[in-house]
Amino acid sequence: MVPGTAHSEGRAAGRPSTVVYIATTVDGCIARPDGGIDWLDHDSLGEDYGWADFRAGIDGLVMGRNTFAAVQAMGVDWPYAGLAVTVWSRTMTDADLPTTLREQGVRARSGSPADLLAELRERGASRVWVDGGATVQAFLAAGLVDTLTLTRLPVLIGAGLPLFGALPADVALAHQATRAFASGVTQSTYEVVGAR
């Protein structure tokens, strides 16, 4: 973190660090216009793109309601066991969550990004993954993203839901690393320097 930015000040105040770790198409989409993510199906040649290391280094997760619904629709066991998870929604409450997830500590909240991080800190989270298009956009706009890891799959879909949206100011990034994989995937990590 670059000293003297809103991000370092927030971290100094005790908020958890935040990271965006997300896949996009080369044209910057995270889903088709209808929310479809079938474009994620590709031959990874056995590579996990750093997922296991990333997952081992986080203890909290904020995901948007649409992302939560997409995970639920996959029909798999809850993949985020052991994390303090908040589903960010203006309309959902804890009562709308499956009982098994409530028992694992999943919560539904409608507060501001700062409120969500404060609650996750109280729940013991120190490094929080921010996931979902509108959620990422809101956290960026609030100056509450510290690191971005963007995994670009070698596909153009032409139209879809963009990862990034309008911001109150430019957000300066410091490039940390870029990796290229045999499958054609590239992955870049940036540290957020701050608004300029």
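Residues are numbered from 1 along each chain as its sequence is written, and side-chain values use heavy atoms, with hydrogens and water left out. Because the model is predicted, local features need pLDDT of at least 70 and side-chain atom pairs count only at pLDDT 80 or more, whereas totals for chains, interfaces and linings use all residues.

Side chains of opposite charge can pair when their charged atoms come close. With a salt bridge defined as a side-chain nitrogen of Lys or Arg within 4 Å of a carboxyl oxygen of Asp or Glu, the count comes to 4 salt bridges. Helices (H or I, at least four residues) and strands (E, at least two) are DSSP runs numbered from the N terminus.

One of the salt bridges joins Asp38 to Arg32, with the closest N and O atoms 2.8 Å apart; Asp38 is partly exposed at a relative accessible area of 42%, and Arg32 is likewise partly exposed, at 27%. Arg109 takes part in a salt bridge with Asp94, in which the closest N and O atoms are 3.0 Å apart. This pair links distant parts of the chain, since Arg109 belongs to strand β5 (residues 107–109) and Asp94 to the loop between β4 (84–88) and α4 (99–103), 15 residues apart. Arg109 also forms a salt bridge with Glu119, where the closest N and O atoms are 2.9 Å apart. Glu119 lies in helix α5 (residues 113–122) and Arg109 in strand β5, so the pair ties together parts that are 10 residues apart in sequence. Through shared partners, these salt bridges join Asp94, Arg109 and Glu119 into one network.

In helix α3 (residues 65–73), the buried residues include Thr67, Phe68 and Val71. These cover an arc of only 100 degrees around the axis (taken from the directions from the helix axis to the C-beta atoms), which puts them on the same side of α3. The face turned away from this buried side carries the exposed residues Asn66 and Ala73. With contact meaning heavy atoms within 4.5 Å, the buried residues of α3 pack against β3 (60–64), β4, α4 and β6 (127–131). Just after α3, Gly75 takes a positive phi of about 70 degrees.

In α5, Pro113, Leu116, Leu117 and Leu120 are buried. Viewed down the helix axis, the buried residues of α5 fall within an arc of 95 degrees, so they line one face of the helix. They pack against β1, β3, β4, β5, β6 and α6 (133–141). Just after α5, Gly124 has a positive phi of about 100 degrees.

In soluble globular proteins, nonpolar side chains tend to be buried together. A nonpolar core is here a set of buried Ala, Val, Leu, Ile, Met, Phe, Trp, Tyr and Cys residues joined through side-chain atoms within 4.5 Å. The largest such core has 26 residues, and those with the most contacts inside it are Met63, Phe68, Trp78 and Tyr80. The elements giving two or more residues to this core are β1 (17–25), β3, α3 and β4. When neighbours within four places in sequence are left aside, the contacts of Met63 include Phe68, Val71, Trp78, Tyr80 and Trp88. A second, separate core of 22 residues includes Trp88, Leu116, Ala125 and Leu144.

At the surface, Ile37, Leu40, Met74 and Val76 form a nonpolar patch with about 320 Å² of accessible area together. Patches are made of residues with over 30% relative accessible area and no salt bridge, like charges being joined within 9 Å and nonpolar side chains (Val, Leu, Ile, Met, Phe, Trp, Tyr) within 5 Å; accessible areas come from the Shrake-Rupley method with a 1.4 Å probe, and for residues only the protein chains shown count as cover. Met74, in the loop between α3 and β4, is partly exposed at 48% relative accessibility.

Technical notes:
Buried < 20%, exposed > 50% of the residue type's maximum accessible area, 1.4 Å probe, protein only.
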